Amino acid sequence: NTDILSITIDYGPYAFMDKYDPTFVPNTSDDEGRYSYENQPRVAFFNLNQLHTAMASLFTDPQKSQIILDNFFQVYERRYLHLMKQKLGWEESDENDEERSEER
């Protein structure tokens, strides 16, 4: 679920990964893996795009709002990498940061 107010409205089904598995799906009714861990960025983009479509008539300059969609994955990846580096205690930036954060 995506909530523009940052209020958690759905607590389940959920689970913790005992071992990192990007294909992990906590929802047992999701046979296709739509909500797997690795698909979360695509689902977030889908939800953002649906919100954009629903609100398009309210925008004074639709091209500006399109820029947000066009840059979503770049911003997401940069923020995700920053958060992973914080969790792992990496203070220095390195050209291999992205590769290191993907290691299992």
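A nonpolar surface patch of about 350 Å² is made by Ile4, Leu5 and Ile7. A patch here takes residues with over 30% relative accessible area and no salt bridge, and nonpolar side chains (Val, Leu, Ile, Met, Phe, Trp, Tyr) are joined within 5 Å, like charges within 9 Å. A salt bridge would be a side-chain nitrogen of Lys or Arg within 4 Å of a carboxyl oxygen of Asp or Glu. Accessible areas come from the Shrake-Rupley method with a 1.4 Å probe, and for residues only the protein chains shown count as cover.

This is a predicted model: local features need pLDDT of at least 70, side-chain atom pairs count only at pLDDT 80 or more, and totals for chains, interfaces and linings use all residues. Residues are numbered from 1 along each chain as its sequence is written, and side-chain values use heavy atoms, with hydrogens and water left out.

Leucine 5 is in the segment before α1, and at a relative accessible area of 62% leucine 5 is exposed. Exposed means over 50%, buried under 20%, and partly exposed in between (1.4 Å probe, protein chains only). Proline 26 is also found in the segment before α1; its relative accessibility is 27%, so proline 26 counts as partly exposed.

Now the fold. The protein has four helices and zero strands, in the order α-α-α-α along the sequence. Helices (H or I, at least four residues) and strands (E, at least two) are DSSP runs, numbered from the N terminus. Of the 104 residues, 16% are buried.

Next, the rings. How many aromatic pairs does the structure hold? There are six aromatic pairs. One of them joins phenylalanine 45 and phenylalanine 72, with 5.6 Å centre to centre and 45 degrees between the planes, a tilted pair. Phenylalanine 45 lies in helix α1 (residues 40-55) and phenylalanine 72 in helix α3 (residues 72-88), so this pair ties together parts 27 residues apart in sequence. Rings of Phe, Tyr and Trp (its six-membered ring) pair if their centres lie within 6.5 Å; planes under 30 degrees apart are stacked, over 60 edge-to-face, the rest tilted.

Last, a charge. The charged end of arginine 34 sits over the ring of phenylalanine 46, 4.9 Å from its centre. That requires NZ of Lys or CZ of Arg within 6 Å of the ring centre and within 35 degrees of the ring normal.
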